[in-house]
Amino acid sequence: MLIVMDKDATGAQIKAVVAKIESLGYEAQPMPGGERVAIAILRNPGPVNETLFVDMPGVIQAIPVSRPYKLVSREMKREDTIIHLPGLDLGRGHFVVIAGPCAVESETQALIIAERVKAAGARIFRGGAYKPRTSPYSYQGLGKAGLKILRKVREETGLLVVTEAIDHDSLRMVAEYADIIQIGARNMQNFSLLRCAGRTRKPVLLKRGMYATLDEWFMAAEYIMSEGNNQVILCERGVRTIGEHARNLLDLATIPAVRRESHLPIIADPSHAAGRRDLVSSLARAAVAAGCDGLMIEVHHEPEKAMSDGAQSLYPDQFQDLMEQIKTLSPGGW
Ligand code: PEP
Ligand code: MN
């Protein structure tokens, strides 16, 4: 349930509502809104009796929330969430492109790619320092040295950086070095990691698990938000499919479906969906046309030598062409 306060409600009236919620054994979470304060009731095992609240001073409405994902749902918050990053907003009407290699391999590699994607219009640099690999014998990333390279990229180019946390130790480090913490497809239901990400004050880019339904994905976001971190960006990266022509199936229907059900921003990662470079730009254009709030694209200046995901990485020139193409597709440009 959502308790909506009058726009002139006093601090004492808001406190009284919070105290009432807590006295019932539930959790009260104030929701950031436009004009007025709204207070979400969480951890209630069954329906909440709205008559307990509607007559309290300062309360104008009690709205039942039917969805199991409360904080994520549009029932709870009607306005789109805009993620405020240093010098940059991401969300509805603020289209942002994230680009970079799958993995940070060296300072030279990262800086060369960062300069190229920046020149083409990307605002955020991606690159894994900790890589979740299917095989333990595959390249696992540079770890902390990779994070230091990302910091250097940030200083030298002014691009913000996003990188993946794969466990609790790396999460602590990533939260210190990066502007956005990525939780990858393989960890989408690592609930203790999600909770920890929720306790940081950094935006979290939450990829859809490779078998996850929309509800499961929303519940994963709810884990993060229920810890007090409202800055979640959803990223559609494709789900397992029967076809062999692409690595995964980019599920474009999630873009309008997320928009309908949730206030959170949704971006698309056509690179991990495609698995091969010749498909990436078409999928990216389709995702933009479907109304996503941003893209995440893998780019490498020497993909044939890349330590991971070279086959799906665009050459910088291809990325630049793509950026030109999507200008005309994105509502309001970017
Ligand atoms: C990545 O972004 O490099 C990555 C590993 O993605 P995903 O979790 O979508 O497979
Ligand atoms: Mn990758």
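Lining the largest cavity are Arg126, Gly127, Gly128, Lys131, Val162, Thr163, Glu164 and Gln182. This is a predicted model, so local features were kept at pLDDT of at least 70 and side-chain atom pairs at pLDDT 80 or more, while totals for chains, interfaces and linings use all residues. Residues are numbered from 1 along each chain as its sequence is written, chains are lettered from A and ligands numbered from 1 in written order, and side-chain values rest on heavy atoms, with hydrogens and water left out.

Back to the cavity. Rolling a probe the size of a water molecule over the atoms shows where empty space is left. Here a cavity is a set of points, on a 1 Å grid over the protein atoms alone, where a 1.4 Å probe fits but cannot get out, and lining residues have an atom within 4 Å of a point. Points are joined across faces, edges and corners, and the volume is the space filled by probe spheres set on them. Searching the whole structure turns up one cavity of 30 Å³ or more, and the largest cavity holds about 30 Å³ of space. Strand E9 (residues 160-164) supplies the largest share of its lining, three residues; strands (E, at least two residues) and helices (H or I, at least four) are DSSP runs numbered from the N terminus. By type, the lining splits into one nonpolar, four polar and three charged residues, where Ala, Val, Leu, Ile, Met, Phe, Trp, Tyr, Cys and Pro count as nonpolar, Asp, Glu, Lys and Arg as charged, and the others, Gly among them, as polar.

Next comes the metal. The manganese ion (ligand 2) is held by Cys102 (SG), His272 (NE2), Glu298 (OE) and Asp309 (OD) at 2.0 to 2.4 Å. Along the chain, these donors are spaced as C-x169-H-x25-E-x10-D. Donors are N, O and S atoms within 2.8 Å of the metal (3.2 Å for Na, K and Ca), and water is not among the atoms, so the site may look incomplete. Glu298 counts as buried because its relative accessibility is 1%, buried being under 20% relative accessible area, exposed over 50% and partly exposed in between (1.4 Å probe, protein chains only). Asp309 also has a positive phi, near 55 degrees, in a residue other than glycine. Arg43, in the loop between strand E3 (38-42) and helix H2 (51-54), has a positive phi as well, near 65 degrees.

Asn187, in the loop between strand E10 (180-183) and helix H6 (191-199), is buried at 11% relative accessible area. A polar atom of the Asn187 side chain lies 3.2 Å from the backbone oxygen of Ile166. Beyond neighbours within four places in sequence, Asn187 is in contact (heavy atoms within 4.5 Å) with Ala165, Ile166, Leu193 and Leu194.

Thr254, in helix H8 (residues 254-261), is buried at 3% relative accessibility, and its side chain reaches the backbone oxygen of Asp251 at 2.7 Å. H8 is mostly covered, with six of its eight residues buried. The cover over those buried residues includes helix H7 (214-226), strand E12 (232-236), strand E13 (266-268) and helix H10 (277-289).

Notes: A polar contact is a pair of N or O atoms within 3.5 Å; within protein, one must be able to donate a hydrogen and the other to accept it, and residues adjacent in sequence count only if both atoms are side-chain atoms. On a 1 Å grid over the protein atoms alone, a cavity is a set of points where a 1.4 Å probe fits but cannot get out, and a pocket is an open set with protein on both sides within 12 Å along at least five of seven lines; lining residues have an atom within 4 Å of a point.
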